[in-house]
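Visitor: Hey, can you walk me through this one? I'm new to reading structures.
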Amino acid sequence: MRIDCKHVWEHISAYIDGEVDAGLRAEIDRHLETCEICSAVLDSTRNVVVLVADERVFELPAGFSERLHARLDEELETAGSS
Amino acid sequence: MSRRTCGRGGCGPDRAIVQISKPRKRVQSAARPTPAQTQPLMMTASNPEFERECIRRILAGEGQLFHLLIKPCERAVYFLLLSLLRNEAEAEDAAQETAIKVYRNLHLFRGDSQFRTWVLSIARNEGLGRLRKAENRREDSLDALAEDQAGDFTPAILMSWREVPAEALERKELGALLRQAIDGLPEIYRNVVLLRDIEEMDVRETAAALGITEGAVKVRLHRARALLQRDLAPKLKGFAPRRARLLRWGA
């Protein structure tokens, strides 16, 4: 059975995460060898996933951790004195 | 795909190894616990051994160890709350409230799930509670709406793709573009992307933190990635390195 582009798109996320079974993976790989569109869709999706995971994209606000732990210290002091 | 092997929040130079000292009396000083006496434990975002020992000692009176216990969870807590509340100041306040609730209820943690999962479920309840209070909307009705809608998750059709390397993130506008795209996702997809792709939690932990099934995590993640690809792929092309100009060396 040869799978079509739409079928490949439905499994792209699972394919990226290595969560498709061996048979389906082989089918998708075979499709990708000859389909430029699906290869580009896969590469671009994977590229997006890698970029959004970069720690430079989402950074905690400056001083967030210090403020959090200062407030925790207040709580700990209250708990310790009660 | 290059996935980081070390979860964020657990591998910084200031927290690579924490030594756990023997039980002692309640620490009254505001000073952080210092590396000390006995058995070294790797402190990572998911080190159950460290967590168990830490919790036992906090409950025995070493309250200051709570700083170390909660630290690896900070990022995920904040960004989950930011995703829910869409407001940085409120997300930060809610993150602080979450940490305090976790401390006060630490005796209730049974270890059935990962500690971070438990913390995130408290954060989620904190966020949803605030949303309900503000009467913005109800999550359950939003969930039903979003899950019922079939939606169009067709990716952007491309004939070729030139990879945008991570170095391109040195350009501030790229980070802004990515944040904007994630911010534009429906909430149920945004939460899953945040925990799975940004905080790199596994499917099971994500499902437990969000109170949904593992199947729903996979479906939502797939849809979220498809929406992000469709939104971002055309815009990211401009960030790909230009093709080498073969004649330039001779110019």
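Visitor: What does A:E75 form with B:R104?
Guide: A:E75 and B:R104 form a salt bridge, with their closest N and O atoms 2.8 Å apart. That term means a side-chain nitrogen of Lys or Arg within 4 Å of a carboxyl oxygen of Asp or Glu.
Visitor: How many salt bridges are there between chain B and chain A?
Guide: The count is seven. By the way, this is a predicted model, where local features need pLDDT of at least 70 and side-chain atom pairs count only at pLDDT 80 or more, while totals for chains, interfaces and linings use all residues. Residues are numbered from 1 along each chain as its sequence is written, chains are lettered from A and ligands numbered from 1 in the order written, and side-chain values use heavy atoms, leaving out hydrogens and water.
Visitor: New topic: rings! How are the planes of B:F153 and B:Y189 angled?
Guide: Their planes sit at 90 degrees with the centres 6.1 Å apart, so the pair is edge-to-face. Rings of Phe, Tyr and Trp (its six-membered ring) pair if their centres lie within 6.5 Å; planes under 30 degrees apart are stacked, over 60 edge-to-face, the rest tilted.
Visitor: Is B:Y189 buried or exposed?
Guide: B:Y189 is buried, at 4% relative accessible area (buried is under 20%, exposed over 50%, partly exposed in between, with a 1.4 Å probe and protein chains only).
Visitor: And which residues do ring pairs link into a cluster?
Guide: A:F58, A:F64, B:Y78 and B:F79.
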